[in-house]
Amino acid sequence: MSLPLLHDAVDLIRLRVAPLEHYRYPPLHLVLALLLLGTLAAAGAISAGAGGDPAALIALFTAYVTLETLGFSLFMRWWLNRGGAQIQQSLFGLIIAASGLQVLDPLSYWLPDDVAQGISLVLGVGNILILVTALSRCSGASRARVLLGTLLFAPMALALLLGLLGIGSDLGLANIPELAVTGGQ
């Protein structure tokens with residue numbers, strides 16, 4: 001059985017980037033990858049104290065991962081084209097493949113909190129490095145421009161997350177700790 005998305009994720013972790021046309025996947029592979037990433041995000045929220053029906057949390061975080069990935073791919077395509085790149089294809093598949101390092105994050109949940117936070121930080125920085133490298137090589141844009149675009153998108157992703165968590169809490173789908181929703185105030 002051939003799993004091109006998995007093979008491409010491993011190649012991207014090794015910083016081996018193919019042309020953008022290579023990152024086209026069957027819709028079922030993309031849906032399964034988004035469901036996996038949403039499930040992992042829900043598991044992280046549950047380990048941080050979120051409550052509610054696990055299926056509802058998985059649906060909520062899968063919706064977040066899907067909307068964030070779609071928004072980021074559209075924003076980065078616009079941002080990189082403004083910088084002189086001529087990107088015609090979607091960045092969606094590349095961004096999902098570049099998220100492969102996130103699969104290792106749940107392994108840190110069994111470690112002491114200080115160690116788990118350190119490992120999560122290292123994995124997060126590694127994921128950004130992989131994403132910036134992949135987008136830079138596929139678009140021909142500088143790494144600085146890609147990193148700046150990623151940083152510019154971060155507040156939009158945070159607003160999307162807080163909005164979805166608020167909606168999920170209002171609908172009774174999730175019990176999110178006050179620390180996460182109010183920022184600790």
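This is a predicted model: local features need pLDDT of at least 70, side-chain atom pairs count only at pLDDT 80 or more; totals for chains, interfaces and linings use all residues.
Trainee: Where does Gly-52 sit, and what does Gly-52 touch?
Mentor: Gly-52 is in strand E1, residues 51-52. Leaving out residues up to four places away in sequence, Gly-52 touches Leu-57, Leu-173 and Asn-175.

Trainee: And how far is Gly-52 from Ile-128?
Mentor: Their C-alpha atoms are separated by 30 Å, with the two residues 76 apart along the chain.

Trainee: OK, switching to helix H3. What span should H3 have, and what does the model show?
Mentor: H3 covers residues 54-82, which makes 29 residues. At 1.5 Å a residue, the helix should span 42 Å, and the end C-alpha atoms are 41 Å apart, so the two agree.

Trainee: What follows H3?
Mentor: Gly-84 does, and its phi is positive, near 110°.

Trainee: What about Thr-69, buried or exposed?
Mentor: Thr-69, which is found in H3, is buried, because its relative accessible area is 7% and buried means under 20%.

Trainee: Which residues is Thr-69 in contact with?
Mentor: Setting aside neighbours within four places in sequence, Thr-69 is in contact with Leu-34, Phe-92, Ile-95 and Ile-96.

Trainee: New topic: which residues form the nonpolar patch on the surface?
Mentor: Leu-3, Leu-6 and Val-10 do, and together they have about 240 Å² of accessible area. Leu-3 lies in the segment before helix H1 (4-13), and at 34% relative accessibility Leu-3 counts as partly exposed.

Terms used. Residues are numbered from 1 along each chain as its sequence is written. Side-chain values use heavy atoms; hydrogens and water are left out. Helices (H or I, at least four residues) and strands (E, at least two) are DSSP runs, numbered from the N terminus. The expected span of a helix is 1.5 Å times one less than its number of residues. Buried means under 20% relative accessible area, exposed over 50%, partly exposed in between (1.4 Å probe, protein chains only). Contact means heavy atoms within 4.5 Å. Patches are made of residues with over 30% relative accessible area and no salt bridge: like charges are joined within 9 Å, nonpolar side chains (Val, Leu, Ile, Met, Phe, Trp, Tyr) within 5 Å. Accessible areas come from the Shrake-Rupley method with a 1.4 Å probe; for residues, only the protein chains shown count as cover. A salt bridge is a side-chain nitrogen of Lys or Arg within 4 Å of a carboxyl oxygen of Asp or Glu.
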